[in-house]
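Open your viewer and get ready to click along. We will go from the whole chain down to single residues.

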Amino acid sequence: FYTMKKTWFLVVFLIIGVSVTYYLQIPEEVMLPVINPTDLEPEMVDPDVLIERKGYGHTIGDFSFLDQNGQRISNEDIDDKVFVTEYFFTTCGSICPIMNEEMTRVHEMYKSQEDFRILSFTVHPEVDTVAQMKRYSEKYNAGPKWHFLTGDKSKLYELARKSFFVLKPAEAKNLGDAGSDFIHTNNFVLVDRTRRIRGYYDGTRTASVDSLMHDIGRLLEEE
């Protein structure tokens, strides 16, 4: 009896030891970085941002645009919410359809999450009216938490250059998307509840968007 008891004790001890060792070897996830203008390529950042704010403590600026339903969406609507942003235009035939197919996966995964939103800003508001954005959004079965936003072009571009950093100067004048001096990147931007940028993801690559979807979940759990 003593021998059997000793054997069971050793078995239990070994199981506990192996379990503890395995747990200790699991790497803890590093907290997502807070991204500031100084962390980015200089061409992506409007010089005024570095002059005015010295490149640190960056948060997304105030904004107000109309979505595909004619509803005004502003920064107040995303306060205390995690959100993802992209810039695109509806007549883009290259990367935009790929990006929005990928964004559809994000939408499907988090469309029932009350404190999550997707903001898709146009770079070509002359064409991308509310009605045009409505037609486009229906192609991707966009629900009420996915807003396709249009409005004043100068304000759209200012937000992209000074807040999200997703427009870069074209190599030569008027060679950018939609006849612009700027071209939009293929980046999805992840923003936390306090409007800080926490990540950039390639919206044309499934693996990168998989990482985005994982990181959205992490931010939603952050206090």
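Here is a short tour, one selection at a time.

**Before you click.** This is a predicted model, in which local features need pLDDT of at least 70 and side-chain atom pairs count only at pLDDT 80 or more, while totals for chains, interfaces and linings use all residues. Residues are numbered from 1 along each chain as its sequence is written, and side-chain values use heavy atoms, with hydrogens and water left out.

**Stop 1: the whole protein.** Colour by secondary structure and you can look for 6 helices and 9 strands; these are DSSP runs, numbered from the N terminus (helices: H or I, at least four residues; strands: E, at least two). Of the 223 residues, 46% count as buried, meaning under 20% relative accessible area with a 1.4 Å probe, protein chains only.

**Stop 2: strand 3.** Select residues 82-88. How many of the 7 residues of strand 3 are buried? The count is 7 of 7. Val82, Val84, Glu86 and Phe88 point one way, and Phe83, Thr85 and Tyr87 the other. In a regular strand, side chains alternate between the two faces of the sheet.

**Stop 3: strand 4.** (Two strands pair if DSSP finds at least two bridges between them.) Tyr87 has Phe121 as its bridge partner here.

**Stop 4: Phe121 and the core.** Keep Phe121 selected and show what it touches (heavy atoms within 4.5 Å): beyond four places in sequence, its contacts include Phe63, Phe65, Leu149 and Phe164. Phe121 and Phe164 are among the residues with the most contacts inside the largest nonpolar core, which has 53 residues. Such a core is a set of buried Ala, Val, Leu, Ile, Met, Phe, Trp, Tyr and Cys residues joined through side-chain atoms within 4.5 Å.

**Stop 5: Lys81.** Step back to the loop between strand 2 and strand 3, where Lys81 lies. Still, the backbone oxygen of Asp77 lies 3.5 Å from a polar atom of the Lys81 side chain.

Stop 6: Finish with strand 8 (187-191) and strand 9, antiparallel and joined by 5 bridges. Val189 stands opposite Tyr200.

Methods: Buried < 20%, exposed > 50% of the residue type's maximum accessible area, 1.4 Å probe, protein only. Polar contact = N/O pair within 3.5 Å; in protein donor to acceptor, adjacent residues only side chain to side chain.
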